[in-house]
Amino acid sequence: MCDTMYLAPHYSFDGWSRFAKNSDRSPNEPLLTLRIPAAHHEPGETVRCTYIDVPQVERTREMILCKPSWIWGAEMGVNDAGVAIGNEAVFTKAKRGEPSLIGMDLLRLALERAATATEAVEVLIGLLETYGQGGNCGFDKEFHYDNSFLVCDADEGYVLETSGKNYALVKAVNAYALSNRLGIGADHVARAGAAPGEDFSKRFTEPVRSHFSQAKQRRCLVEQKLAPDLEAEGLMGILRTHAPGAGGREFSQGSVGSVCMHAGGMIGDHTTGSLVATLRARKPTTLWITGCSTPCIAAFKPVFWNSDAPPLFADSAASLAYWMKREHIHRAILAGKIDATAYRERIRVLERRWIDEEASLMSADVVDTAALAALSAEAGREEQALVDEFYRADWQTMPGKNSFNRYWQRKNEALGLERP
């Protein structure tokens with residue numbers, strides 16, 4: 001499960017494009033934040049994706065990816081041309097395909113190869129038509145699904161929804177929210193498997209799993225909050241939103257209807273990482289990345305293209321250790337050993353200062369990129385000091401025996417022991 005959102009530059013109050021996404025997956029599945037360098041490749045080279053090899057292109061772009069630890073592809077990311085993509089699991093009537101490219105592989109391949117949102121869409125469609133999609137995407141269980149993609153750059157955005165090799169494409173006008181169900185009707189500008197003017201969602205939606213994903217409710221929550229005056233801080237707030245009735249009980253009851261998704265009891269999905277991006281045509285891109293789960297208790301740190309500080313890493317093991325230590329904070333909050341309110345308040349104070357400083361730096365006619373890198377490094381140090389201050393080594397033991405606590409006790413015992 002996931003939620004992705006977009007504000008078009010002509011709709012946004014300052015003319016900048018904005019993108020945000022929560023990645024909702026198994027709560028024990030680390031989501032790494034990695035910088036992947038640009039590279040040149042020899043003719044005839046192939047690239048190993050999660051399940052299959054595909055021909056490599058001559059040049060691949062530098063990327064910042066938020067990716068599950070065991071999967072080649074990514075849940076969300078941005079490349080050095082300022083193209084951002086997020087994918088969503090969708091449940092359709094397509095028959096399950098053989099292991100091929102999964103949605104996260106398609107996303108990474110498009111970011112590697114595209115200089116604009118339009119090019120990224122072309123890459124996605126070309127790969128889908130050639131290879132289709134298929135393969136288990138579950139960390140600790142079999143989980144198969146098709147994919148939707150929100151693709152944008154500093155100038156425009158698109159939504160591509162798929163069912164097997166079938167697809168529909170729309171231009172993302174003004175504000176757009178994407179969740180775990182097909183939403184494109186008859187207004188598609190490109191398509192396969194559907195006639196012009198045919199309702200794509202109606203034809204291909206699998207209704208049962210789409211209903212129980214509560215994607216409609218989450219999309220409505222986001223749409224109610226998207227507005228032209230939103231800056232990055234406002235999008236962070238949306239990513240931290242809990243469903244009506246779930247707020248205040250998020251550490252004692254799971255909720256698949258929350259944008260900030262909490263697992264527990266019968267709910268098996270949890271927000272494992274979050275990203276907000278401001279994409280500017282003539283100034284540097286700003287990324288705000290948690291590098292850890294549970295955005296309602298996580299700090300969004302500023303990341304820039306010349307940043308070299310946490311939560312951004314070149315090494316998977318370092319990113320994993322970073323994610324895991326913050327996950328211990330989350331588990332200690334669940335166990336009642338850390339005061340969530342006090343921790344959140346300290347995070348908000350830090351974030352407020354980082355946001356103000358980033359805005360000041362970006363207001364200059366010529367942005368000081370060295371100062372941006374210094375801000376990123378400072379934010380990384382300050383957040384690490386906060387984590388160290390609150391950290392509890394006795395995070396593993398859940399009190400009580402209700403279904404919620406039993407769920408998390410099992411997760412605690414397995415954390416770090418599942419597939420790499």
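N174 lies in the loop between β13 (166-171) and β14, where helices (H or I, at least four residues) and strands (E, at least two) are DSSP runs numbered from the N terminus. In this predicted model, local features require pLDDT of at least 70 and side-chain atom pairs count only at pLDDT 80 or more, while totals for chains, interfaces and linings use all residues. Residues are numbered from 1 along each chain as its sequence is written, and side-chain values use heavy atoms, with hydrogens and water left out.

The phi angle of N174 is positive, near 60°, in a residue other than glycine. With a relative accessibility of 31%, N174 counts as partly exposed; the classes are buried (under 20% relative accessible area), exposed (over 50%) and partly exposed in between, for a 1.4 Å probe and protein chains only. A positive phi near 60° is also found for T294, again a residue other than glycine. T294 is placed in the loop between β17 (286-289) and β18 and is buried, its relative accessible area being 0%. Most residues other than glycine have a negative phi, and most peptide bonds are trans. A cis peptide bond, with omega of about 15°, joins P310 and P311. P311 belongs to the loop between β18 and α7.

An open sheet of 6 strands has the order β14-β1-β2-β16-β17-β18, with antiparallel pairing; two strands are taken to pair if DSSP finds at least two bridges between them. The edges are held by β14 (175-178) and β18 (301-303), each with a single partner strand, so one side of each lacks a neighbour in the sheet. On average, neighbouring strands of this sheet are turned by 15° against each other, direction ignored. Within the sheet, β1 (residues 2-7) and β2 (residues 17-25) are paired in the antiparallel sense over 6 bridges, and C2 is opposite S23 in β2.

A further open sheet contains 8 strands in the order β3-β8-β9-β10-β11-β12-β13-β15, likewise with antiparallel pairing. Its edge strands are β3 (31-36) and β15 (190-192), each having a single partner, so one side of each is without a neighbour in the sheet. Strand β8 (residues 63-68) runs antiparallel to β9 (residues 76-79) and is joined to it by 4 bridges; L65 has G77 as its bridge partner in β9. Strands β9 and β10, also antiparallel, are joined by 3 bridges, with M76 partnered by G86 of β10. The hairpin of β9 and β10 has 4 residues between the strands, and in this hairpin G82 takes a positive phi near 80°. On its other pairing, β10 meets β11 (residues 146-152) in the antiparallel sense over 7 bridges, and E88 stands opposite S148 in β11.

Strand β10 (residues 84-90) is largely enclosed by the rest of the structure, because 7 of its 7 residues are buried. From β10, A84, G86, E88 and V90 point one way and I85, N87 and A89 the other way, all of them buried.

In helix α5 (residues 215-225) the buried residues are A215, R218, L221 and V222. These residues lie on the same side of α5, because they cover an arc of only 125° around the axis, the arc being that of the directions from the helix axis to the C-beta atoms. K216 and Q224 are exposed on the other side of α5. The buried residues of α5 are covered by elements including β1, β14, α4 (207-212) and α6 (232-239). Helix α6 contains G234, which is partly exposed at 23% relative accessibility. G234 and V276, 42 residues apart in sequence, are 9.9 Å apart in space from C-alpha to C-alpha.

Helices α7 (residues 316-334) and α10 (residues 403-414) pack at an angle of about 150° with their axes 11 Å apart; axes are lines fitted to C-alpha atoms, for helices over the stretch in contact, and angles run from 0 to 180 degrees between N-to-C directions. This angle makes α7 roughly antiparallel to α10, a class that requires over 145 degrees. The contact (heavy atoms within 4.5 Å) is made by H330, R331 and L334 of α7 and F404, W408, K411 and N412 of α10. The axes of α8 (residues 340-362) and α9 (residues 369-390) come within 11 Å and cross at roughly 175°, and these helices are therefore roughly antiparallel to each other. Residues of α8 including Y343, I347, L350 and W354 take part in this contact, as do residues of α9 including L372, L375, L386 and F390.

Key:
Parallel < 35°, antiparallel > 145°, perpendicular 65-115°, else oblique.
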